[in-house]
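Notebook open. I wanted to look up a few things in this structure and write them down as I went.

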Amino acid sequence: MLAGHLQADSRGNISVVVDPENINLPEYKESNSDVHFDELEADGFSWRSWPKGINTAGPMTRANKEGVIKLANVHAIRLKQNSGFIIYISMVHYVVDGPAHADIVQRWCLNYQWMANQTTGNPEPLAPFSTDRNLLKQSLSEVRTLVHKKTEKTFTKFSLLAEILARISPELRGYIISKVVERQKAETHIFHISRASLELLQKSVSAHIPDNSTPTINELVLSLATKTMAQAQKMVKKSRSCAWISLFKGIINKKRILPVAVIFEARKQMGLTDKLYAGNVLIPKIVCSDLDQLESMTTEESLAELVAEFGQATCELTPSYIASHINMVDPLPTSFARPLARFIGHKSAMSFVYDVMPDMYKADFGHGRPAWVSPIKPFRANAVLLLTHKDATDGLDVFMSVYPEVMQEVFKNKFWTDIAKLIY
């Protein structure tokens with residue numbers, strides 16, 4: 001699965017091809033660092049204190065110096081005086097999603113522990129991973145539901161840019177997208193929201209929901225992050241434009257919308273949680289929110305309105321909806337590039353991963369839980385990931401990546417900073 005080459009045909013179909021005569025092994029690199037573990041710990045494991053060159057792959061899939069796309073990259077770094085160890089692991093989204101990535105790493109940990117302990121005899125057999133995409137089709141509901149209109153339009157509407165991006169080689173596409181991300185020069189930070197803060201906000205927001213239902217933590221945090229980023233974007237635009245221009249735009253565009261791509265992990269809905277499917281089971285929905293509502297002052301009441309919108313998107317993610325979405329994109333090989341083309345040209349459009357990323361603190365190579373786990377930077381702009389906190393019982397972490405000028409406004413947003421505390 002991770003030893004193949006990405007190949008694209010003239011229609012845009014992408015396959016992972018394993019050629020016995022030309023195996024594309026994952027990249028594995030080892031190095032030593034002059035940075036001591038104590039230095040990292042004293043600086044709260046901030047990115048600025050990390051050894052240089054940790055990540056041997058970028059945030060977007062692209063070819064290495066030899067012109068080859070590796071499906072997995074590993075960099076093992078021994079810290080000064082053998083004080084600690086850093087391991088960087090990257091697997092491309094063409095092959096796996098977050099849960100599959102975590103399952104593979106944890107399997108690696110189990111195998112390593114067995115070898116390190118020099119256990120005699122053979123280990124107990126472990127269930128194999130499945131990479132058969134037919135498993136997805138076999139798991140589809142026979143019932144069908146209408147696909148969300150904005151999502152359908154995004155994936156089915158013709159786009160010349162999308163056709164070009166889909167039909168060029170994965171190497172060239174990776175180069176172009178990586179350059180776009182580099183030019184964004186996004187600023188990235190990680191915030192922590194404590195369990196106490198989340199529960200208090202949940203309670204106050206639910207009081208403004210008609211049936212007093214309790215919003216999920218995911219809906220709550222994504223709603224808060226969306227409003228915070230939209231307000232920050234507004235302040236940046238306001239400082240760049242004259243008042244009369246803003247008024248003119250307001251008259252012309254009676255209703256302004258902001259596309260927000262919410263990406264769901266759908267193993268549970270498809271009955272795949274116990275199948276060890278090591279593939280990609282991500283279903284995106286394009287939620288087009290009223291920009292005036294997003295830019296309005298953050299209150300418990302305004303949050304409740306947005307929570308209801310995200311909640312509706314979540315409720316619609318049924319087995320029948322997922323089946324309809326897959327049936328929609330299956331006959332359209334280039335459809336995967338259409339959201340990409342739309343969002344590349346939209347400086348304000350946002351993307352969120354709805355589910356909290358898998359708990360990588362479970363990746364124990366035999367020496368206990370990692371001291372710190374973090375995504376890399378740089379990352380694409382206007383993106384938010386929800387991360388498992390080091391203490392999984394105390395809330396969660398929010399990985400936010402936006403344009404630098406927007407981030408400065410985020411730090412001025414009192415509602416956000418009262419709840420989300422900067423880690424680094």
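What is the order of the strands in the open sheet, and how do they pair? I read the order as 3-4-5, three strands with mixed pairing. I took strands (E, at least two residues) and helices (H or I, at least four) as DSSP runs, numbered from the N terminus. Two strands pair if DSSP finds at least two bridges between them.

A note on the source: this is a predicted model, where local features need pLDDT of at least 70, side-chain atom pairs count only at pLDDT 80 or more, and totals for chains, interfaces and linings use all residues. Residues are numbered from 1 along each chain as its sequence is written, and side-chain values use heavy atoms, with hydrogens and water left out.

I found strand 3 (27-32) and strand 5 (85-91) at the edges, each pairing on one side only. Strand 4 and strand 5 run antiparallel, joined by seven bridges. I looked up Ile77: its bridge partner in strand 5 is Ile86.

Then Ala72, in strand 4 (residues 72-78). Ala72 counts as buried because its relative accessibility is 5% (buried is under 20% relative accessible area, exposed over 50%, partly exposed in between; 1.4 Å probe, protein chains only). I listed its contacts (heavy atoms within 4.5 Å), leaving out residues up to four places away in sequence: Leu2, Pro26, Glu27, Ser90 and Met91.

Last, helix 8 (residues 217-240). I noted that 17 of its 24 residues are buried, so helix 8 is largely enclosed by the rest of the structure.

Key: The expected span of a helix is 1.5 Å times one less than its number of residues.
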